[in-house]
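Hi,

Here is the structure I promised to pass on.

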Protein chains: 2
Amino acid sequence: MNTRSPTGCPAWAQLLAHAEGRRSVHLRDLLASRKLAAEAPGVRYDFSRQRVDAMTLRLLANLADERGFAEWREALLSGKPINSTEKRAAWHTALRAGESSPREVRDTLARMKALVSNIRSEKKFRRIVNLGTGGSDLGPRLLAEALGDGALEVRFAANADPRDLERALEGADPQTTLFVVVSKTFTTPETMSNAAAAKKWGGKVFYAVTSNVEAAKQFGAGETLPMWDWVGGRFSVWSAVGFAAACAMGFDAFQEFLSGAHEIDTHFAQAPLERNIPVLMALIGVWNGNFLGAATHAVLPYSNALRLLPAYLQQLEMESNGKRVDREGRPLDYPTCPVVWGMEGTVSQHSFHQLLHQGTQIVPADFIDLSLEKVLSANALAQADALAFGTDDPGLPPYKQYPGNRPSSMLLLEGLNARNLGRLIALYEHKVFTQGVIWNINSFDQWGVELGKALAGEILSRR
Amino acid sequence: MNTRSPTGCPAWAQLLAHAEGRRSVHLRDLLASRKLAAEAPGVRYDFSRQRVDAMTLRLLANLADERGFAEWREALLSGKPINSTEKRAAWHTALRAGESSPREVRDTLARMKALVSNIRSEKKFRRIVNLGTGGSDLGPRLLAEALGDGALEVRFAANADPRDLERALEGADPQTTLFVVVSKTFTTPETMSNAAAAKKWGGKVFYAVTSNVEAAKQFGAGETLPMWDWVGGRFSVWSAVGFAAACAMGFDAFQEFLSGAHEIDTHFAQAPLERNIPVLMALIGVWNGNFLGAATHAVLPYSNALRLLPAYLQQLEMESNGKRVDREGRPLDYPTCPVVWGMEGTVSQHSFHQLLHQGTQIVPADFIDLSLEKVLSANALAQADALAFGTDDPGLPPYKQYPGNRPSSMLLLEGLNARNLGRLIALYEHKVFTQGVIWNINSFDQWGVELGKALAGEILSRR
């Protein structure tokens, strides 16, 4: 596989020169005359407000080619062990491939379906409490909050701070509460201490989602659903890790969620680079970060239901691509992952948009518009336009002027539903993978979290 | 008042040279031999893990002096109209000065006390729903979530997305629900559309917090509490804007909250710069942003109750200091406010700490430790140490290596209570003000949000 440094690719030098040459071009002068967009099933990606032109896009696509993108994509989608430091695949796409999924995946989905249907019809449980952290929390939490239909009260506790579990248990009765303990190793300290506290509280029924079946049985788990080595935590919402979410939204909706992602997988596999949405998202991110100097990336879903999406994407992007050595172990001399942050619009407008419009650093943004309400779509569009155009009236006092030329994209979908959320998350997953290929890093390990864990253990044992 | 550009101050050039000279110094070599800390009532600020030495601190203090900091601070604290573009004071400190507060403040607090006590003792209302956005939402929401004692169910709706209000009204009964409509002008679109929807839902009792008493009366507000021109939205949680929070936590706790802030005001007014916590926080932020190149700043409260603090501080810092022209209207050639972001620890460790430890950009962080649980304090300390020290073992493979030398501070308080939360927020307020002085910007206007508002209005009227 290609391991040439991106900065050693001919396209990189061409992009540097190209960026230099485009410095004086303002979005104001481009926007009126063009529409840059790509389509995937149910999604339109409008990147007219990015500081790119046809040449930029061609050079970025060349960079992907020179980095051997097609071969890497094939390796991802066919389950090759591309997570080289752990000698594992990153085969999350196999979790949502329908009849083409591996047997163990289909069997697990069938078991989930039976369990979820029982739980939702029997009404034995009034409360489901998910105990997990990181990838075992953020995904199911996002789904349950966005798509829960109210049939069950589904809550989450992730923090070692006991208050988190206390809040999740407010008003609950041990007799009618089901705990779902989610931990690949069944040793995650936060999760295990919350599981122990749940038992102490009187918890009777525990399900486990884990690859350590032995430990789960010893703990007393009534049902155990699998986690697999070939799925990373932050890519695991499609697996049994999504169990609590499936309880909240119903299994049919969970299937829709998988189907939406699978549609995007097909698009990602087949669409030519210049019309491939996750590839475009990735390339434009590389352009903004490596050639225009952006240090952060804002995600602004104009939907209260998606208010947890920025937190979800923080893990997905930053844990995957917050890396400083390449696949050969060489320290990098170019930036990798930006800081990803954001908030639900319109709320964000009354908080930090001042800095987006008039701060000294440029923050590229994704506006996510589900076409829920005219007022939401209008606000998303207005913010994107204000960022791009700015003001051009020298008569205004300086503090009322907006420089504009600040890049953003619009992700347009029709409605808040499971299929669309599946599409959206899959887009970002493939964006992250594609950027990892460009940057020549392993997006699928997370060695950076080990030292802190070890030190915390030492400190606790000393006390 | 001093309007000299910071980059024109002698200390600025000295700091540039100093930064250059310190490049090869690693925190690993400093930390063992020193303890850098300052104390204020109830708060210890440990900045041993910042990449500063005695000379750095002296030069930064010189910069503050050369920018006329003492005079600006005096102007702030005495209510001078330092918000020059709007010709207003920024006198939030007068909201928490006890007997020294202006008459109208004391009268309002007395009315709040009577109303809150009634509401909490009469039990006529079972649900309080705060309708406001930005500063009329984030502050009371943070307080209510952190310190609500469960006597009343207090909820918040801020988004133009109707789902936000729907969620706040789940399980509520119009007969026992009190709406608090918070908007200085009583024209904020999100707030007014939510207030109208609340009426349509059957809402019977509305209180208003506003300076537009006329409009509130026309709307049918039963009680009206004032907002004042000399308090900015993002500094207003100490005023009647905190009404819903006071209902949630009780008025005594709200008074404690004010007292904690007042203690910090006194500390800020009197402590010498080198022991003045908010000044040190500000100067170290300037050092990290303007001399070490950090583009963002992470806030990591190790407390589930403070999980909304990063969102609160995003508005406080970024709306205040996300500015690109100085007080004389000159475009700036130095960075102002970083992107402020964060999440509750320990949850954050399983999300984005990978990037903090092994990403390509340096993210200065504030670890906030309330000494709630050994496991939380140990984790905060372990993360800070891992960031500072890194690893020094060439035998490890590159992907297991941590460069370290990544700066962070610890804010240490004892316990989760109203006084401590008042202290904490006041520290950040004065940090923000001090940075505004250094950068020679007006931290108290927010003209950057106007263009988007106007465009949204145009788009909506066209549709």
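First, a term you'll need for finding your way around: helices (H or I, at least four residues) and strands (E, at least two) are DSSP runs, numbered from the N terminus. Also, this is a predicted model, where local features need pLDDT of at least 70 and side-chain atom pairs count only at pLDDT 80 or more, while totals for chains, interfaces and linings use all residues. Residues are numbered from 1 along each chain as its sequence is written, chains are lettered from A and ligands numbered from 1 in the order in which they are written, and side-chain values use heavy atoms, with hydrogens and water left out.

Let's start with the backbone. Lys123(A) sits in the loop between helix 5 (103–122) and strand 3 (127–131) of chain A, and its phi is near 60°, a positive value in a residue other than glycine. There is also a cis peptide bond between Gly345(A) and Thr346(A), with omega about 5°. Thr346(A) belongs to the loop between strand 9 (339–342) and helix 14 (353–358) of chain A. In chain B, the bond from Gly345(B) to Thr346(B) is cis too, with omega near 10°, and Thr346(B) is in the loop between strand 9 and helix 14 of chain B.

The contact takes 91 residues from each of chain B and chain A. About 7500 Å² is buried between them, 61% of it from carbon and sulfur atoms; buried area is the accessible area (1.4 Å probe) that two parts lose on being put together, summed over both. In chain B, Arg324(B), His350(B) and Gln354(B) lose the most area to chain A, together 10% of what that side buries.

What about salt bridges across the interface of chain B and chain A? The rule (a side-chain nitrogen of Lys or Arg within 4 Å of a carboxyl oxygen of Asp or Glu) finds zero. Helix 15 (374–389) of chain B is one of the elements that supply at least two residues of the side touching chain A, and with 11 residues helix 15 of chain B gives the largest share of that side.

Terms used: Contact = heavy atoms within 4.5 Å.
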